Amino acid sequence: MFEAVERHLSFTRAAQELRVTQGAASKAIATLEYHLGFALFERTGSGLVPCEGVEQFARKVRSSLQNIHEATRVLSAQRMRLRVLTLQAYSGFTSRWLLPRMPKLHAEHPDIDLRLTSAHDGHGKVPDGSEARIRYGRGHWRGVAADLLFRDELCPVCSPSLLAPHGAPYPPEVVKAMPLIHLRGFPGDWNEWLAVAGSRDVKGGRSIYVEELSVAYQAAESGAGVVLGQRKHLTRELNAGTLYEPCAAVLRRELGYYLTYRSELLKDTAFLAFRTWLLSQARETGERG
């Protein structure tokens, strides 16, 4: 009935847009006036004239109906979803590895909504609160299950503007003479790589220290220095040539990235589908390098 009032007011301004006949609207208005106990229009020889305040009343009714429609749409969408999953992950892992694969997740599992929260790339303790977390370590955490995604494969990467690719592979002495980008949470990485490469420790070289891996990668792409990059994070950049490996030595460790979660989540259909998808993506990464 409220809609009939709105339609009738619209009719007085633009009759061609009216979706019901004037007679049907008038009947509905008469019924509404009966229930309200007062008149909404004055009946004149030329038709109906809105009483004082009716235009404002109609606008408020229209706004309320729109709110009801929007609330119904949101609730319907929520009911159609299986569930929203919350995943906490390191910024470097999220930006370089996970986000490029999100279109695949949406295409294969349109009923899964993934909410991402950030964690620090260093060794600092990550606050709890997420249903699942991407953790870096050896795979042993109390109270949670852990699925290995991929292990460390660290190699120096830099922009072609810093070291010319046609001279590669360079000996480790050339690499360590460049500005080296260090991640503060992992101060020993460069020395470990140099040991694998058959060279001595870093001493007195130019260094850039950053807090987050994603920032370290950006610095390397800009030509600021050489970073020890996680190969699995940098597939796109290495393929595109914006970064390349100036030295052939690779540091491989037992450390790696894991999906961790409470075991009871395996009973959750949405989480189980997401876990299966994530592990399949990790297998593809391992096969393609």
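Here are some questions and answers on a few side chains and ring pairs in this predicted model.

Residues are numbered from 1 along each chain as its sequence is written, and side-chain values use heavy atoms, with hydrogens and water left out. As the model is predicted, local features need pLDDT of at least 70 and side-chain atom pairs count only at pLDDT 80 or more, while totals for chains, interfaces and linings use all residues.

Me: Is Gln 88 buried or exposed?
Reply: Gln 88 sits in strand 3, residues 83-90 (strands are DSSP runs of E, at least two residues, and helices runs of H or I, at least four, both numbered from the N terminus). Buried means under 20% relative accessible area, exposed over 50% and partly exposed in between, with a 1.4 Å probe and protein chains only. Gln 88 has 6%, so call it buried.

Me: Which side chain does the side chain of Gln 88 join in a polar contact?
Reply: A polar contact is a pair of N or O atoms within 3.5 Å; within protein, one must be able to donate a hydrogen and the other to accept it, and residues adjacent in sequence count only if both atoms are side-chain atoms. For Gln 88 the distance is 3.4 Å, and the partner is Arg 133.

Me: With which side chain does the side chain of Ser 159 make a polar contact?
Reply: Ser 159 is in the loop between strand 6 (145-157) and helix 6 (172-176). Its relative accessible area is 6%, so Ser 159 is buried. At 2.8 Å, the polar contact of its side chain is with that of Ser 161.

Me: How are the rings of Phe 93 and Tyr 257 arranged, stacked or edge-to-face?
Reply: Rings of Phe, Tyr and Trp (its six-membered ring) pair if their centres lie within 6.5 Å; planes under 30 degrees apart count as stacked, over 60 as edge-to-face and the rest as tilted. By this rule there are 12 aromatic pairs. With centres 5.7 Å apart and planes at 25°, Phe 93 and Tyr 257 are stacked.

Me: How many residues apart in sequence are the parts that this pair ties together?
Reply: Phe 93 and Tyr 257 are both buried. Phe 93 belongs to helix 4 (residues 91-98) and Tyr 257 to strand 10 (residues 251-261), so the parts tied together are apart in sequence by 164 residues.

Me: What about Trp 141 and Tyr 258, stacked or edge-to-face?
Reply: Trp 141 is partly exposed at 22%, while Tyr 258, at 6%, is buried. Their ring centres lie 5.5 Å apart with the planes at 75°, so the pair is edge-to-face.
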